[in-house]
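The entries follow in the order in which I looked things up.

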Amino acid sequence: MHSRRQWLAGLPAAALLTPFLTLGAGFRAAAQEDALAYYKQAKIDWQQAKGQSLTIGLNKHPFTESLLPLIPEFRQLTGINIEYLILPEAEYFTKLVADLSQQRGEFSVIMTGPMRNWQYVPPNWILPLDDFLKNPKLTDAAWYKLDDFYPALTAANRWNGKDGSGVGEGPLYSIPVLEESYILAYRKDIFDQHDIKVPTTLEEMAEAARQVKKNAGIPGITARGTPSLASMGTGFISGLKSYTDGQWRELDDKLVANLHDPRSVKYTELWIDMVRESGPPNWANTQWYDAMEAFTAGQAGMIADADFFAASYEDPKKSKVAGKVGYALLPAGPGGKTYSGLWTWALGISRATRNKDAAWLFVQWATAQRTLLNATVGYRNYNPSRQSVTNDPRVQEIMAGWGGGSYLKTVAKNLETARVAWVPQSERQRLGDIWARALHEVYFKRLSAADALKKASGEVDKVLKEAGIK
Amino acid sequence: MTAALTPPSRMTAPPPHMNGEGYKRRRRPDRFLPYLLLSPALVLLAGMIYPFGLGLYYSFTSYWLQYPNRFRFVWLDNYINLVEEPLFARALEFTLGFTVAAVAIQVGLGLAVALFLHARIPGRGAIRALMLMPLMMPPVITALMWKIMMASTTAGILNYLLSFVGVDPVNWFGSTQGAVVSVMIIDTWGNLPFVALILLGGLQALPTEPYEAAKVDGAGPITTLRYVTLPLLSPFIVLVVLFRAMDSLRIFDVIYATTLGGPNDATTNLHIMAYQYSFQWFQMGKGMAQAIVLLLLVVVVSYLLMRLWNKAAESTV
């Protein structure tokens, strides 16, 4: 009775509100129509896979967050039903490999990237996307504008499938949704106050770290240090590539491990000495977000890591260092140039999916200019993979002020020489894990850098042989 | 006596009206009833046996997820190769060492807590209720909570509190010894209530006569503890050692959430190693072999402790 009385009492209020609610719904529908209008400019039938279903495998990431609110739009545009599963990175890749290896097709569209593709291409787990791009029934090339993506990024997602070479050649396996290269971020206020020189060599970087620690009482540098691949693929390998003028590779032409190359040994000694002497005491347990948050919280003088971490450093809502950060290229080698690594999160399609055309329509929609612009402007999905997104006035307005303008210049300069740092082969994860463990042996003084890296090379050779890669 | 030897009525010949087709129809449900009642358990058992059997089978193969073409039956190679794997020796050493230390610390502290809560102290009920709180938290949440508190600088609340007693910031997870101690602290915090609860239950179930006799003989509290309480409590102690040993041998969540087995493999046990091989490097054959070795270790330790428990239980009857 009580609830019925409440319901009756609510009737007049509902009667009053109804016109406004209807009007509100009308506005929402109109807004959605506007949004769809952009996609409807493409001369393809978005409804050609109507009624089909897709499950998207997503890593927890700003790009993912930007997609979720737009999925109803995609449903309305295409009539395709979307389900998704979002997992943290480590769990995501484990689940993904389990699905791809069994070819169950649980995930139709996947979040991947160049180096991950090297694991999925040899066993034929993912589809090349070129046929979709060339098919006018599925893609309006003039509207989609593949050439709007930074050429280096699409090249990074191409591979000819041959172990040891061929990045940038062969089929395109995934479409990049962001760009990540590696630069040096430093506390400009501390450097200026104590007259510390912005480093251009690794030796200078170690000295700057020492000076920051001595003068400001905080770790001079923070860096990833957990014993896994994640610690190796950003600042460390980019620094090593630069230190050797881009000449050194972790595997030689015959796929023999080269971790113990004398230049690599010397670089490792300098790097480990630097983090041991001036880094955080828990370097060996520092993950990427620990390092990023330490710098954002003002607990480090420098960080050599992903360029887009700047979005966190420069966010005044949560950063203690917003407006106090300078950006520079990583220390160079004798040749004076830096050779940063490169990564792109990207969308690919599982070969086992039954609804391939629907999957491509989703990839095309999710990597369309408007979708990616929304991801960057609304959800801080940096750095843009499309040039038009970077050049958008709203994006320029946000990024132009970072580091007093030094951010955009540094990233642009960095991309001139940035390239995928690793030698393509499917055991990169294992190689990186072995390598990172060797760094721990050096850091904890169980072995010299030469011995630890020699041992690591031996382990890598054994794994590659066992995997049949060489 | 005669009545006791009379066979149950169901064993005797069927009554005349149950002969023929009618009897057969009614007997059939009887025959299947036990299986019907057992079916949930059988399904559950099959759900356990099938993955175990598959895992055992894979441990004899070269199963590697991303190289399906290289799948071979390799007999005992995965087990033999473990001996050559340097990490295996370190992981085995940590697994056993951690188990011995964790069981000793947790049972020792648990006994002290149980004795404290068994005593007539004011607010005993409230303390017992509060003590159970860690048991209600999932171990991963416990681990992440401690990881935040154990930040290596004074930004971590633990180091901040220690600074009041003049202790320099402890490098909890960044050093090899610190990481081992940290994992031990977290595991102990999460499991101490369980140990204390079992032992408290044991204390409350002990007979009062031996205590009265000890009192008459003039025994003090230490003597009573040593010669009355501990011997009588021994079945409970062995039982809790058994539970904690099994759990400590295969501890995973706390390590995975805090150290991932590092630094410098200092907290890598067999479980973490098996996980890395299986789900990080996708070498299922090797990973399963390591998991089987861990399983055998748990079974052997459990069997030995069960025998000890039987002896302790018999000696206190």
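The model is a predicted one, in which local features need pLDDT of at least 70 and side-chain atom pairs count only at pLDDT 80 or more, while totals for chains, interfaces and linings use all residues. Residues are numbered from 1 along each chain as its sequence is written, and chains are lettered from A and ligands numbered from 1 in the order in which they are written.

Counting residues as in contact if their C-beta atoms, placed from the backbone, lie within 7 Å, I found 16 residues from domain 1 of chain A and 14 residues from domain 2 of chain A in the contact. On the domain 1 side, α5(A) supplies the largest share, four residues; helices here are DSSP runs (H or I, at least four residues), as are strands (E, at least two), numbered from the N terminus.

I then turned to helix α11 (residues 235-243) of chain A, where nine of the nine residues are buried (20 or more other C-beta atoms within 10 Å of a residue's own, placed from the backbone), so the helix is largely enclosed by the rest of the structure. Its cover includes β7 (180-187), α10 (202-216), α12 (262-278) and β8 (302-306) of chain A. D245(A), which follows α11(A), has a positive phi, near 55 degrees.

Last, I looked up the contact between chains, which takes 24 residues from chain A and 20 residues from chain B. α20(A) gives the most to the chain A side, with five residues.

Key. Two residues are in contact if their C-beta atoms, placed from the backbone, lie within 7 Å. A residue is buried if 20 or more other C-beta atoms lie within 10 Å of its own, exposed if 12 or fewer, and partly exposed in between; C-beta atoms are placed from the backbone.
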